[in-house]
Every structure is written in structure tokens, then in C-alpha cells.
Amino acid sequence: MSDSKQVESALTFNRELLISLTNVWNADAKQFLKRSEELDVLEVINQYHRMASELFHAYGSASGTTHTVGFREIMRCTQAITSAGQVNSMGILLQAAKQRETDPYAHLAKHFTKEELERIQCFPSRSREQVDFMIALRDPLGFCDDNLREKLYEIFGC
């Protein structure tokens, strides 16, 4: 017996209503609108984001921008800021979990995506390898020191 509930919702645009706005759309846009009865707004936004991201990366590669030392340094600094914040958060969460004797596994869904959780569950539970993998996901540049790592091993029961 499963205690989980599944909820679905959608936000859609009506294709016919959009097509009726003739002075707004060019021929390519009208072709796009004619592909389905309704358009899922979130899917359209996700598709736009994917295409814009691909264009950005293709332009950066074609122009040579992404291959420069300066660009790599900016990306490294951006990642360092994110990683440092996540390592600090790990320390704070560790203190709270230790004080309350909380099972950290009950809270993983708050800190990792569904895909990350699926990958985390590929490792033996309560193992150093699993904790190391979780740390690597949040700290790709290696800011987590040995002291914090040992405390995480302890709280995860390794």
C-alpha cells in the first residue's frame, strides 16, 4: 500500500485563440501554433530555455569565448561562490541534525533533485562512498575539509 499521492496540473494556451491573433505571428510562429490543440506553457518555456542555452553555448564556442582563460576563470569563480555557500550550508545542517538526532536520509529530498537522489541511491546506504558522492554533487571544487567530511560520515552512520 502506497501512502503517496500524485497531483498533476497544467497551464495551457488555446491554439485557436492564439492563431486568431493574426497580426501578432509570423509564418514560422503560426506553424508552431498549429502543431497541437493546446500548448503547455511550461513545456514551451522549457523548450525556449533549452534552445536559448544551446544557442548561447554554440555562440560562445564558435566565437572562442568559452575557450579563453578569462572565461574559465569567471566560471571557476562563479562555481566557487556557489560551492562555498553549499559547504557552509552543509555545516549548518550538520549542527542542526546532530542536536536533534535527526535521520539525514529523511531530508535528502529537500537538498537534491529527483535525478540526483536516484544516483545517490545507487550507492550502498550509510556508506562513505554514498556520502562522498553527495558531497561531490554539492562541492565539485573540493571546499569540504576532512573535519566536515568526518562529521558527515558520523551523522550518516558510516
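Buried means under 20% relative accessible area, exposed over 50%, and partly exposed in between, using a 1.4 Å probe and protein chains only.

## Basis

This is a predicted model: local features need pLDDT of at least 70, side-chain atom pairs count only at pLDDT 80 or more, and totals for chains, interfaces and linings use all residues. Residues are numbered from 1 along each chain as its sequence is written, and side-chain values use heavy atoms, with hydrogens and water left out.

## Phe112

Phe112 is buried, because its relative accessible area is 11%. Phe112 sits in the loop between α5 and α6. Helices (H or I, at least four residues) and strands (E, at least two) are DSSP runs, numbered from the N terminus.

Contact means heavy atoms within 4.5 Å. Neighbours within four places in sequence aside, Phe112 contacts Leu117, Ile120, Met134, Leu137 and Arg138.

## Helix α7

Helix α7 spans residues 128–138. Its buried residues are Gln130, Val131, Phe133, Met134, Ile135, Leu137 and Arg138. Their cover includes α4 (69–100), α5 (108–111), α6 (114–120) and α8 (146–155).

## Asp139

Asp139 is in the loop between α7 and α8. Asp139 is buried but has no salt bridge. A salt bridge needs a side-chain nitrogen of Lys or Arg within 4 Å of a carboxyl oxygen of Asp or Glu. The nearest side chain of opposite charge is Arg149, 5.3 Å away. For charge, Lys and Arg count as positive and Asp and Glu as negative; His and the chain ends are not counted.

The Asp139 side chain reaches the backbone nitrogen of Cys144 at 2.5 Å. Residues up to four places away in sequence aside, Asp139 touches Ser83, Val87, Met90 and Cys144.

## Aromatic pairs

The whole structure holds two aromatic pairs. Rings of Phe, Tyr and Trp (its six-membered ring) pair if their centres lie within 6.5 Å; planes under 30 degrees apart are stacked, over 60 edge-to-face, and the rest tilted. Tyr105 and Phe156 pair edge-to-face, at 5.2 Å centre to centre and 90 degrees between the planes. Tyr105 lies in the loop between α4 and α5 and Phe156 in the segment after α8, so this pair ties together parts 51 residues apart in sequence. Phe156 is buried, at 8% relative accessible area.

Phe123 and Phe133 form a tilted pair: 4.9 Å centre to centre, 35 degrees between the planes. Phe123 is in the loop between α6 and α7 and Phe133 in helix α7, 10 residues apart. Phe123 is partly exposed at 27% relative accessibility; Phe133 is buried at 18%.

How values were computed
A polar contact is a pair of N or O atoms within 3.5 Å; within protein, one must be able to donate a hydrogen and the other to accept it, and residues adjacent in sequence count only if both atoms are side-chain atoms.
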